[in-house]
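Let's take a walk through this protein together, one piece at a time. Keep the picture open while you read.

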Amino acid sequence: MANPIPDERPGPSETKAGEDCIRPEDRPDAVLFLCSAHNLSRRSLERLEAACAAATYLPHRMIRLEERGDGLFAALDGLRDAGHSVVRVQPVGMPFPESLTSWLPGVLAHWSAQPGNGDVRLFLGPEPSRTGNGIARLLSETLAQAPRAVEGTAPRLGKPGWDMPPDFDFHLLVCTGPRCHMRDAASLTHILKEECAEAGIADRCLTTRTGCIFPCNKGPVVALYPMGHWFQLPDRAAVRRFVREVLLGGGTLRDFQFHTARLAQSHS
Ligand code: FES
């Protein structure tokens with residue numbers, strides 16, 4: 001696991017603020033923090049993880065709902081396999097996106113309904129920016145810190161080298177939005193790059209990780225341009241065929257292609 005749960009289990013009396021308002025039978029024995037943030041650097045992520053760790057005595061881990069690392073189901077599977085039976089799933093983020101707030105209850109219920117998961121009870125914590133005056137307290141603490149002067153910084157709108165895209169034949173949009181990520185799109189990006197490199201076409205492909213591009217139920221989703229063809233690539237075997245048959249061979253992959261962009265349809 002990317003963020004293993006510490007081995008030490010807390011004693012029953014070890015709670016932090018707020019945990020004592022939870023009925024004893026609903027008290028979690030682990031917390032899964034969910035972060036939704038595409039562009040967090042590793043350092044920012046580590047700071048956020050440290051803040052999460054400081055907020056609870058319970059065994060815990062944090063995952064991102066996009067981009068990299070274990071997806072939601074893999075993290076829940078890990079907690080189940082580690083013997084946890086009451087898991088608090090806690091969104092973090094100021095604010096946590098509304099679309100994810102409304103999506104999470106159903107997807108957690110879906111995980112609970114799968115064979116082997118019946119012994120794990122899940123609870124979903126509130127979205128932090130809607131509780132009490134959390135944001136206001138955070139902001140007033142932040143406003144008390146000295147700001148950095150902009151004066152003396154060289155003016156610029158960009159960096160050298162940001163003028164043109166690299167040369168490429170294919171533009172691959174790999175969705176790493178939360179619902180594709182849950183279906184392991186995080187690995188897809190890496191597998192895709194590996195397979196392109198192995199096929200000797202890495203420098204012909206510009207691969208861009210994206211947020212949600214709509215057909216979440218088809219995830220993990222890859223859109224290929226300029227062809228305008230969209231694919232569902234569920235595993236390495238599918239990716240390999242995509243690279244070999246479509247990118248290298250110039251053919252089609254009808255069993256994985258589920259959409260063609262309108263302009264491309266009119267040209268085919
Ligand atoms: S999350 Fe990938 S299409 Fe919505």
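In which loop is the place of F214? F214 sits in the loop between β6 and β7. Keep in mind that what you're looking at is a predicted model. F214 is worth a stop, as its phi is positive, about 105 degrees, although F214 is not a glycine. P220 has its place in the loop between β6 (205–210) and β7 (221–225) too, and the peptide bond that joins G219 to P220 is cis, with omega at about -5 degrees. Move on to the loop between β7 and β8 (229–232) and you'll find P226. The bond from Y225 to P226 is another cis peptide bond, this one with omega near 20 degrees.

Now step back to see how the chain is laid out. The protein is divided into domain 1, covering 19–133, and domain 2, covering 170–267. Their C-alpha centres lie 29 Å apart. Where the two meet, 12 residues of domain 1 are in contact with nine residues of domain 2. On the domain 1 side, α2 (72–81) and α3 each supply at least two of the touching residues. Sorted by class, that side of domain 1 has five nonpolar, four polar and three charged residues.

Let's look at the sheets, beginning with the one that contains β1. Four strands make up this open sheet, in the order β2-β1-β3-β4, and the pairing is parallel. At the edges stand β2 (60–64) and β4 (121–124), each with a single partner strand, so one side of each has no neighbour in the sheet. On average, neighbouring strands here are turned by 25 degrees against each other, direction ignored.

Helix α1 (residues 42–55) touches β1, β2 and β3 (86–92), and its direction makes about 145 degrees with that of β2. Helix α3 (residues 98–112) also packs on the sheet, touching β3 and β4, with its direction at about 175 degrees to that of β4.

On to the other sheet. This open sheet has five strands in the order β6-β5-β7-β8-β9, and its pairing is mixed. Its edges are β6 and β9 (257–260), each with a single partner strand, so one side of each is left without a neighbour in the sheet. Neighbouring strands are turned by 20 degrees against each other on average, direction ignored. Further in, β5 (residues 170–175) is joined to β7 by four bridges, and these strands run antiparallel. Look for L172 here, as L172 stands opposite L224 in β7.

Finally, turn to α6, which lies across β5 and β6 and runs at about 155 degrees to β5. How do α6 (residues 185–198) and α7 (residues 236–248) pack? Their axes are 9 Å apart, and the angle is about 40 degrees. The two helices are therefore oblique to each other. As for handedness, α6 passes α7 in a right-handed crossing. From α6, the contact is made by L188, I191, L192, E195 and C196, while α7 brings R236, V239, R240 and V243. By class, this contact has six nonpolar, no polar and three charged residues.

Terms used: Residues are numbered from 1 along each chain as its sequence is written. This is a predicted model: local features need pLDDT of at least 70, side-chain atom pairs count only at pLDDT 80 or more; totals for chains, interfaces and linings use all residues. Axes are lines fitted to C-alpha atoms, for helices over the stretch in contact, and angles run from 0 to 180 degrees between N-to-C directions. Angles under 35 degrees count as roughly parallel, over 145 as roughly antiparallel, 65 to 115 as roughly perpendicular and the rest as oblique. A crossing is left-handed if the near helix is turned anticlockwise from the far one by less than a right angle, and right-handed if clockwise. Two residues are in contact if their C-beta atoms, placed from the backbone, lie within 7 Å. Ala, Val, Leu, Ile, Met, Phe, Trp, Tyr, Cys and Pro count as nonpolar, Asp, Glu, Lys and Arg as charged, and the others, Gly among them, as polar. Two strands pair if DSSP finds at least two bridges between them. Domain bounds come from an automatic or database domain assignment.
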